[in-house]
Amino acid sequence: MKTNKYRLIIIIFFLAVSAGGVAVSQSNLDKFLLKSEDEILSEVAKLPDKDINLGAVALVLAKGYYPEIDIKKYLFQLDKMAEELKERIGNEDKPQNIVQIINDYLYKTKGFISGYTVTEGKGTEGIYLSSVLDKKEGQCLGLSVLYLALAERLKLPLYAVGLPDHMFVRYDNRTQQINIETSKEGNNLSKNEYLKWLKEWGDEASEKLKDVPEHIGKDYENLAKSIPMTSDDLDRGGYFKNLSKKDVIAHLIINRVSNWVYISKNDKAVKDIEKTILLNPDYPQLWAMISNEYLKIGNMENALKYIEQALKKSPQAFLFFNQIAVLYCRRSEFDKALSDLNEAIKLNPDYVGGYYERGYIFDKRNEYDKALIEVDKAVGVCPGDYKSHLARVKILYYRKKDYDKALEELKTVSHLRPKYARPYYIKGLIYRDTGDYKSAITAFEKCLNLEPNGQYAEPVKKYIEEIKPKIDEE
């Protein structure tokens, strides 16, 4: 036990002191853990990557969200796992065999699984290393950090690699690269396989969303989209490259920002964003993520500032042009938004978001035929994108009063999102407007059944009370 305790002290101490076999006492560890998160991150920002203990920093960040966790306990757990892996690896020197040993250990022996869990009042837990270790479940970021925390203890050349809304890890000894997809039990996927998967993510996410209520589903919405990309798109966006440890730490902080926003603690969200900026991440997607979080809390000025920062780093990234356009749309600067959307679609004609947003602009300009054309293009590019179908419903019902086509389209929306109340709310309105009061009641009651305390509950109850006397009259 004394040996383990000594190793734990050294691990933590490496956050502030360069590696070199420095002997420290238990009091040094205790003093270090008394430092604030801000102090620790300030020190990390000044360190070279090789001297940062990512696992320890990840646990410090987890404690910032879950103050009750015991960092020492999890460091000991990581040490123990690393020791077990070291014995299994032995004298093996072939990278593919080493990677397979790690994969088998984590997924078969230890039983880790990939999962995306949102807990009411907490947000997403699977990003935190402590939660991943406790539940043996995590999303791509959390599982990637686990791999990296073990690799740095074993002195293995593993790096995080970024994709839009995704992360995996890569073994890279400069002569051989092996991609390790943490959400698929460590499978080695090629660049082309990732491109195919990006296109299919929308379908996979849609299946997961079928059984998710609407008030929870909003936290999965970013997953439920297809992102068709070419190899050039990945390169132009700065994706598919090895990330630094500071980039990974910034990822962890930004994802924690999302959790703060989820539980309406915007003051803490802003403080975390400032911590991310302190690390000065080099990965363009991180600046886009900062922009998105500012958008969520309503700070449009900073949202625009940081997406422009992302675009400076990757001036031909169509996703960044699309994100800038979304911000201009929210500011009702539609000419600027259209210009950026046109650029995004020129760079990637298969991206559904570009057509969806152009439809939004034409709708706002009361150009409903043009709006419908754009939404039809979005549906054509990605038939499983329920938002595009719903946008089509809104134009058909609210704008063009084409009730029959709107009802047909709502069937598709309900098929894609069976647990969503919104389609039944709109159905109820259509039936009410067309005088089919019994069908309206049925639709409104289904809406209430799905979301008894949702955003539609009060107006639906009011509509039901208004309609009932009309049924009695009939």
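Let's begin with a cluster of charges: Glu37, Asp38, Arg256, Asp272 and Lys275 are joined in a network of salt bridges, a salt bridge being a side-chain nitrogen of Lys or Arg within 4 Å of a carboxyl oxygen of Asp or Glu. The model is predicted, so local features need pLDDT of at least 70 and side-chain atom pairs count only at pLDDT 80 or more, while totals for chains, interfaces and linings use all residues. Residues are numbered from 1 along each chain as its sequence is written, and side-chain values use heavy atoms, with hydrogens and water left out.

Across the whole structure, a search finds 32 salt bridges. Let's visit a few. Arginine 399 pairs with aspartate 363, their closest N and O atoms lying 2.8 Å apart. This pair links distant parts of the chain, 36 residues apart: arginine 399 belongs to helix H20 (residues 386-399) and aspartate 363 to helix H18 (residues 352-364). Helices (H or I, at least four residues) and strands (E, at least two) are DSSP runs, numbered from the N terminus. Aspartate 363 counts as buried at 13% relative accessibility, whereas arginine 399 is partly exposed at 37%; buried means under 20% relative accessible area, exposed over 50%, and partly exposed in between (1.4 Å probe, protein chains only).

Next, turn to glutamate 84 and lysine 110, whose side chains form a salt bridge (3.6 Å, N to O). Here too, distant parts of the chain are linked, 26 residues apart: glutamate 84 sits in helix H5 (residues 71-89), and lysine 110 in the loop between helix H6 (95-109) and strand S1 (113-114). Glutamate 84 is partly exposed at 26%, and lysine 110 is partly exposed at 25%.
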